[in-house]
Amino acid sequence: MSEDFARSNSTPADVVDLDAYRHPTGPRVIQGTVLPKTHPEPPYAPELDDDPIGDAPLIPAWIRSKEGRRARAKYAWRITKRRARKSLRRQTTTHGTLPRIVRGTRRTHEWVRGTEGIRVTTAKDRAHHKAKTARAAERKARWTLMDRDLMAKRAEKAKVEADEAALEHHKLKKAAARATTLRAAAAYGPALAAETCGYVLEHGLGMAAATLLTVSVAAWRGRRLDEDEAAFYDDPERSILDPGMTPRAFGRMLRDALEEDLGINVADLHVIAHHWGFEAKVQLSKAKPADVTAKLDDLEALLIARPGSLLVQQSAKARPLFTLRALGENPWAGQKPIPYRAPKSVSCHDRADLGVELSQQPLLMNFLRTNAVFIGGPGSGKSNALLSVAEYLTACRDAVVWDIDLGSAGAGLDPIGDAIARRATNKVDARRLLEDALAISITRPKLFKQLSMGRNWEPSETHPALYLIIDEYPALVAAGLWPLVAEIIRTGRKSAVNLIMAAQGATKSFLGSADPGAVQNRVALPCRPQDVTQLFDGGAIGEGWAAHKLRPSEGKTLNDVSVAYVRGGDHVEPIPKRFNYLDDDSFEARGTERRQAGLVALDGNSLAIAEVDLSAELTGDVDRFEKRIQAVEEIEDADDAVELPPLIAAAIEVLQNAEETAMTPGDLLTALQAHNPAAFGDLNPVTLGRTLSSLGAGARKWGDARGVYLSDLLTAAATYRRATAQSA
């Protein structure tokens, strides 16, 4: 307390006699300065933070009350009963007490035996086999009537080999005796000593206690399963290719099949169990994975695997390395439907969750400024995959979706049609949608600087991206609209105007002059081998891209429907994925909900600079089949009037006369020179190859060589005639 405070609040004090104060004769009276009762708080008052551990009492709360002790006893009794039931039920599994004791005893015996014991057993078996061979040779030499001398020499040689094998066995057995004896003393000595002491001290009761201790130690030694046993027994459905097969057993079968039956040497092999089957990491010796791929059907027969269940993936680290995946009966068990997405709850900047991979991890695809092509034959699940994509894009707050379907009258995306802004099912409407999209694609770069977007269009709620989903793309090619599509692919990336196309094949007969290899996201559902090579590259099948091995649905049997190989973005390995599914009623409910919440609209800046009018209604009519036939006939009549280049016409005639689907360039050159020596006598292979390539009919893989296909020549001829007729 400060002096100023004391002086300002003090009163005069009387004089005090200290002697009388020290030795009082009556009640002591204390006199002095009188301070007020209230005084200010000290200038600093420290505060303590909450400390649950330090503030908690040492005695638990349940001990301090009778009800708490009773509840604790009841809880402990329930836990005890649970553990007792689990222990009893566990006795019938591989984790029971008896299996653990057997496992621990076996491991102890194997440790005592050691590698020396294994060599002794091997030498013993070899000596036994040599002795049997020697006896058989001696018996044959004794009773043979022809070549007795030769038989006698063979019998003598067999006897010498048998003696050498027996001597080798004896040496190994003698050498292993010391090490085995020391390990046996260390392992069995304590148990024997405990049994003996127990019997000496307490007779039967002591021996029983020692036996209980011994089996307890053995059970502790066997508490864990071996690596291959654990992968099988911990989850009975986790590693089953065939019932009862373990990873070690599958590895032995695979090695035997490759080396003994297929003649492919294996340097190293390691098998891992998954819930979907087995994954084998294989290193070949003086061979390459393409040799295995070429004999994959034979390997499936040797391993008794279902068709298409073996997948080979070439390693990027070294040519002899590859991964073989053996799929079980249902590798997609546990797959869930498409998750619910509220209207405008996701963004095209995010990666779309469309399905699952073999590891049950989500299949994530990027569609920001990215085109995609889906290839799959009838029954492949192509429509379901497109619906998965459309469901995600229509839930984006920064994306507008248009649909063009000239092949199935819009039936593919009908379940979620209410969430799509514009739809075209005839040639006139399709042309208008493509022209509008192309206009936006070309003019949007003029807005980059004005909107401070940098070098690319950045989709947002006010300036969304535009996606065109084109189902049945061959119908659009037949309608002559593919040049607009090609131009959008060329100019649309920076403007965030992208295409998602679907077709039943990847060859020119389906896609026209469009190159699927130029599309960023390529998806191959069950399709043909030529579609795989056209979609990925010429060596894709040898590298493991095996979409042609997938089986489409047959009737009510789904098989591999919606299973696909995806290349693009993070997906660079040939591992199958599967798109999620959803029933039509759920799709319709989500589409209705999104339309009621309001669809995303294109920004006014893009519409104004591109001079696109969205107020005009589309016709909405569906092209009639008769009109299509008439249009195709008119195009064919116009095409027939166009004369083909002499080389193309002669090559088509040569292949048709020879009834060949393809010819090597050398054979075709020889046939052309024989067909018309005056016109093609001076033709050389280089000129032939360049001319055919310029027309889109260049040589490609044909068996082990390269060949010029009749189908490519016919497609090139049709393209040439159509282009010439349109330019005229």
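Let me start with a definition: buried means under 20% relative accessible area, exposed over 50%, and partly exposed in between, with a 1.4 Å probe and protein chains only. By that scale E138 is partly exposed, because its relative accessible area is 43%.

Now, what are we looking at? This is a predicted model, where local features need pLDDT of at least 70, side-chain atom pairs count only at pLDDT 80 or more, and totals for chains, interfaces and linings use all residues. Residues are numbered from 1 along each chain as its sequence is written, and side-chain values use heavy atoms, with hydrogens and water left out.

The overall picture first. The protein chain has 728 residues, and 38% of them are buried. Its secondary structure comes to 25 helices and 17 strands. Those are DSSP runs, numbered from the N terminus: helices are H or I with at least four residues, strands are E with at least two. The accessible surface is about 42100 Å², and carbon and sulfur atoms hold 55% of it. Accessible areas come from the Shrake-Rupley method with a 1.4 Å probe; for residues, only the protein chains shown count as cover.

Next, contacts. A contact means heavy atoms within 4.5 Å. Take the contacts with a separation of 6 or more: 67% of them join residues 24 or more positions apart.

On to salt bridges. Side chains of opposite charge can pair when their charged atoms come close. Here a salt bridge is a side-chain nitrogen of Lys or Arg within 4 Å of a carboxyl oxygen of Asp or Glu. How many salt bridges does a search of the whole structure find? The count is 23.

One of them pairs R183 with E116, with the closest N and O atoms 2.8 Å apart. This pair links distant parts of the chain: R183 sits in helix α6 (residues 148-221), E116 in helix α5 (residues 97-143), and they are 67 residues apart. Is R183 buried or exposed? R183 counts as buried, because its relative accessibility is 18%. E116, at 21%, counts as partly exposed.

Two other bridges stay within a helix. E138, from my opening, meets R142 at 3.4 Å, N to O. Both lie in α5, 4 residues apart, about one turn of the helix. D163 and K159 are 4 residues apart, so about one helical turn separates them. D163 is partly exposed at 43%. K159 is partly exposed at 45%.

There is also a network of salt bridges. Which residues does it link? They are R341, E391, R590 and R594.

Now the surface patches. Patch residues have over 30% relative accessible area and no salt bridge; like charges are joined within 9 Å, and nonpolar side chains (Val, Leu, Ile, Met, Phe, Trp, Tyr) within 5 Å. Lys and Arg count as positive, Asp and Glu as negative; His and the chain ends are not counted. A charge is placed at NZ of Lys, CZ of Arg, CG of Asp or CD of Glu.

Start with negative charge. E47, D49, D50, D51 and D55 gather in one such patch. D51 is in the loop between α2 (18-22) and α3. D51 counts as partly exposed, because its relative accessibility is 38%.

Then a nonpolar patch. L58, I59, W62 and I63 make about 430 Å² of it. L58 is placed in the loop between α3 (52-55) and α4. At 86% relative accessible area, L58 is exposed.

Then positive charge. K74, R78, K81, R82, R83, R85, K86, R89 and R90 form that patch. R90 lies in helix α4 (residues 66-90). R90 is partly exposed at 34%.

Last, two single residues. L302 lies in helix α10 (residues 296-302). L302 is partly exposed at 33%. Leaving out residues up to four places away in sequence, L302 touches A257, D261 and L262.

R700 lies in strand β16 (residues 700-702). R700 is partly exposed at 23%. With residues up to four places away again left out, R700 touches A705, R706, G707, Y709, S711 and D712.
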